[in-house]
Amino acid sequence: MGIILSFKSDNHNSMNRTIKSIIYADMMDMGGFPVRQAFPSRKAEQIDPFLLLHHANVKVPTHIPTNKAGVGPHPHRGFSPVTFIFKGGVHHQDSRGNNNVIYEGGTQWMNAGMGVIHSERPPHDIHEIGGVQEIIQLWVNTPAKHKMNQPEYLPASKEEIPFIETDDKLARINIISGELNGIKGIIPTLSPVNTFTADIKQGGQFQFLIPTTHNAFVYVLGGKIKVNGSEEVLTNYVTILNNDGEGFSIEALDDARLMIGTGEPLNEPIASHGPFVMNTQTEIMEAFRDYQLGKMGVLIED
Ligand code: MN
């Protein structure tokens, strides 16, 4: 069950962080799927420990069976691909025997560790629940010392995710990982990582307080917001904050839906190629070799 607590909110906090950049998430084609990529881009590389943010909002085709739609079996090693589901659902199957569907409001967190093969497809009932999938996939880097851990699949449904609601009921913040105002998220992480989703109705506001050491971003999936009482940010823009204050405030100018990530930077070298994110090129070659040798397992889908 969610936890309901209410807090007063003040958007004129002198300890707020300044804004580093506000970047439009361009549309790109990912093997036939249209997705927006907020980062990395020419304007913003990773926001350590966050490597990549994709936002997809697609109509699932009706002429393809659901078990052939979406993304078929592929490997990962060395980071956590995390999927936040805003509309529809995602059917996850992996080479460790996990087979699960998460619907709207839920999250699938996977620590790929030493390697796992998974598929990410629309659930069988997608056309009965609207035929649309809106998701964010966020790649969270894993500290070097945990990259070869055993993989973990950590799903959370909407009902299981703790949330905070303001007194006026205009702002709801879902705490998937980390901590906000003393409320702990449901997903344990391998380094300090806050991931929140938020629905803030027009006129609602929320003051986020986060550790000064964390890097932080706010992505707008829909609506229009004002950051720190001054800067207007529109749909499909990501705001990256400087590390010069204790938090930031958000006010919704139109009903807004947000994804917020903050995390302690790992400050480790990155070598990445396709689905593998390691620290050296040698480790990348080992990842390809181990995948070819079947060390990440085999996925035979339902
Ligand atoms: Mn994947």
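A: F39 sits in strand β3, residues 33-39. Strands here are DSSP runs of E with at least two residues, numbered from the N terminus. This is a predicted model, where local features need pLDDT of at least 70, side-chain atom pairs count only at pLDDT 80 or more, and totals for chains, interfaces and linings use all residues. Residues are numbered from 1 along each chain as its sequence is written, and side-chain values use heavy atoms, with hydrogens and water left out.

Is F39 buried or exposed? F39 is buried, because its relative accessible area is 0%; buried means under 20%, with a 1.4 Å probe and protein chains only. Beyond its neighbours within four places in sequence, F39 has contacts that include F50, L138 and F217. Contact means heavy atoms within 4.5 Å. S80 is 41 residues from F39 along the chain, and their C-alpha atoms are 16 Å apart.

Now the pocket. The largest pocket holds about 630 Å³ of space. A pocket is an open set of points on a 1 Å grid over the protein atoms alone, where a 1.4 Å probe fits, with protein on both sides within 12 Å along at least five of seven lines; lining residues have an atom within 4 Å of a point. Its volume is the space filled by probe spheres set on the points, which are joined across faces, edges and corners. The lining has 30 residues, and M30, F33, V35, V71 and I135 are the closest to the centre. Strand β3 is among the elements that give two or more residues to this lining, as are β4 (50-59) and β11 (132-141).

Note on methods: Helix = DSSP H or I, 4+ residues; strand = E, 2+ residues; numbered from the N terminus. Buried < 20%, exposed > 50% of the residue type's maximum accessible area, 1.4 Å probe, protein only.
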